[in-house]
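Here's a quick briefing for anyone meeting this structure for the first time. Have a look at the model below, then follow the notes topic by topic.

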Amino acid sequence: MVIKMDFINTKILIADDNLLQRQTLREGLRNAGYRNIEECSNGEDALVRINHFHPDVVLIDVCLSKLDGIGVIRNSKQINYAPDKAPSFIVFSAFSNQTTFVEAATAGAELCLIKPF
């Protein structure tokens, strides 16, 4: 089975309070062929953008101001994504804390990564 990725139309949201980290992720994604990328720097803005942008994937830091990444995942379940589907969440953190990653996975994260990656 071959899975084809639609790099042009895949919508990605990067949520990280660190500007340099967002830039690094954005550049890596662009180099990989992705073009439809938005960014935000706090959890409240992430929820607003998820609601309006309906990303396919959300790359989100656990430690965000106003609402942490796990809170964003939990609150995003209240959003009506029709006709789109809910995004996949990839959580990252600078701290290797198993409890945090278990909590993120329980909230709905599909993948948890440790920074830097």
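Let's start with glutamate 38: its relative accessibility is 28%, which puts it in the partly exposed class. Keep in mind that this is a predicted model.

**Glutamate 38 and its salt bridge**

- Glutamate 38 pairs up with arginine 49 in a salt bridge, and their closest N and O atoms are 3.7 Å apart.
- That pair links distant parts of the chain, 11 residues apart: glutamate 38 sits in strand β2, while arginine 49 belongs to helix α2 (residues 43-53).
- Arginine 49 is partly exposed too, with a relative accessible area of 27%.
- In general, side chains with opposite charges can pair when their charged atoms come close.

**Arginine 49's other partner**

- Arginine 49 also meets aspartate 45 in a salt bridge, at 3.3 Å from N to O.
- Why are arginine 49 and aspartate 45 about one helical turn apart? Because they are 4 residues apart in helix α2.
- Aspartate 45 has 23% relative accessibility, so it counts as partly exposed.

- Another one brings together the side chains of glutamate 103 and arginine 74, at 3.2 Å from N to O.
- Glutamate 103 is in helix α4 and arginine 74 is in helix α3 (residues 69-76), so this pair ties together parts that lie 29 residues apart in sequence.
- Both ends are partly exposed: glutamate 103 has a relative accessible area of 34%, and arginine 74 comes in at 42%.

**Glutamate 39**

- Glutamate 39 has its place in strand β2.
- Is glutamate 39 buried or exposed? At 17% relative accessibility, glutamate 39 counts as buried, because the cut-off for that class is under 20%.
- If you leave aside its neighbours within four places in sequence, glutamate 39 touches Leu13, Ile14, Arg22, Arg26 and Arg49.
- As a general point, side chains in a regular strand alternate between the two faces of the sheet.

**From β1 to β2**

- Strands β1 and β2 run parallel and pair over 5 bridges.
- Leucine 13 has glutamate 38 as its bridge partner in β2.
- To get from β1 to β2, the chain passes through helix α1 (residues 19-31), and this β-α-β crossover is right-handed.

**The whole sheet**

- In what order do the 5 strands line up? They form an open sheet that reads β2-β1-β3-β4-β5, with parallel pairing.
- β2 (36-40) and β5 (109-114) are the edge strands, and each has a single partner strand, so one side of each is left without a neighbour in the sheet.
- On average, neighbouring strands here are turned by 20° against each other, ignoring direction.
- Helix α4 (residues 98-107) packs on the sheet, where it touches β4 (88-93) and β5, and its direction makes about 155° with that of β5.
- Strand β1 (residues 11-15) is joined to strand β3 (residues 57-61) by 4 bridges, and the two run parallel.
- Which residue in β3 is the bridge partner of isoleucine 14? That partner is leucine 59.

Technical notes:
Residues numbered from 1 in each chain as written. Predicted model: local features only at pLDDT ≥ 70, side-chain atom pairs only at ≥ 80, totals over all residues. Heavy atoms only, no water. Pairing = 2+ DSSP bridges. Axes fitted to C-alpha atoms, helices over the stretch in contact; angles between N-to-C directions. Contact = heavy atoms within 4.5 Å. Salt bridge = Lys/Arg side-chain N within 4 Å of Asp/Glu carboxyl O. Buried < 20%, exposed > 50% of the residue type's maximum accessible area, 1.4 Å probe, protein only. Right-handed = clockwise from strand over helix to strand, strands pointing away.
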